[in-house]
Amino acid sequence: MKRDATKSSVSLSQLTADSADDAALDEIDAVASAAFDVPQFSAREELRRPWTRCWVAREDRRALAFLIAWHVADELHVLNVATCPAAQRRGLATALMNRSLEYAQQQQVRLILLEVRRSNRAAIRLYRKLGFTAMGVRPRYYSDNDEDAIEMVLTLDPTTGAVEPGRDEIRIEI
C-alpha cells in the first residue's frame with residue numbers, strides 16, 4: 001500500500017552549500033548508492049555549483065530521498081530524483097517534484113527539463129501526472145547499460161506559474 005509522504009512525519013527541506021554539513025552530504029550519497037546501480041555524481045560536487053538546487057525528504061532526521069536540479073536562467077533541469085528502496089512507493093518522489101515545481105513557480109521558471117530511463121515506467125508515469133511531455137530521445141544516454149533517455153519537459157507560464165498544456169513530440173510506451 002502506498003503511503004502519502006505529505007501525511008506522515010516526513011519533512012522536506014532545501015539544502016544549500018552553506019547549510020550542508022558532511023553528514024548531510026554523506027546521507028545524500030548513501031541514498032544515491034542505494035537507489036542507483038551506478039551513482040554518477042557526488043552531492044559535495046553538485047552543491048559547490050551556485051546553480052544547483054537540492055531538496056531532501058527526511059523522516060526522523062534520516063534522509064530517505066532527494067532531488068537535485070540546476071537552475072539556470074529561466075530553466076530548472078532535474079538531474080536526479082532518488083529514493084531509498086525501503087522508502088519507495090510512499091510518495092516521496094512526488095512530494096519532492098511538487099516542491100521543485102513550487103520553487104520553479106516562485107522563481108518564474110519557464111521550462112522544467114529532465115531525462116528519464118526509457119525503462120523507468122514508474123517515473124515516466126509520475127512525470128506525466130505532473131504534466132510533463134516527451135520531447136525527444138537521447139540514444140544510449142546512460143553509460144552503465146547504453147539505455148536511451150527520454151527527454152521530458154514541463155512548460156510554465158512565467159507570470160502566473162500555471163502549467164501550460166503540451167503534447168508529446170515523440171511516442172513512448174508506458
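Let's start with contacts, meaning heavy atoms within 4.5 Å. Among those between residues at least 6 apart in sequence, 60% join residues at least 24 apart.

A word on the model. It is predicted, so local features need pLDDT of at least 70 and side-chain atom pairs count only at pLDDT 80 or more, while totals for chains, interfaces and linings use all residues. Numbering runs from 1 along each chain as its sequence is written, and side-chain values use heavy atoms, with hydrogens and water left out.

Now the fold. The chain has four helices and eight strands. These are DSSP runs, numbered from the N terminus: helices are H or I with at least four residues, strands are E with at least two. In sequence order the pattern reads β-α-α-β-β-β-α-β-α-β-β-β.

Overall size next. A compact globule of 174 residues would have a radius of gyration near 16 Å, and the chain agrees, with 16 Å. That radius is taken over C-alpha atoms, and the globule rule is 2.2 Å times the number of residues to the power 0.38.

Look at strand E3, residues 62–72. Eight of its eleven residues are buried, that is, under 20% relative accessible area with a 1.4 Å probe, protein chains only. E3 pairs on two sides of the sequence; pairing takes at least two DSSP bridges between strands.

First, E2, residues 52–59. It runs antiparallel to E3, with eight bridges. Trp55 stands opposite Leu67. Two residues separate the strands in this hairpin, and Asp60 takes a positive phi near 50°.

Then E4, residues 75–83. Again antiparallel to E3, with eight bridges. Trp70 has His77 as its bridge partner. Two residues lie between E3 and E4, and Ala73 in the turn has a positive phi of about 55°.

Note on methods. Buried < 20%, exposed > 50% of the residue type's maximum accessible area, 1.4 Å probe, protein only.
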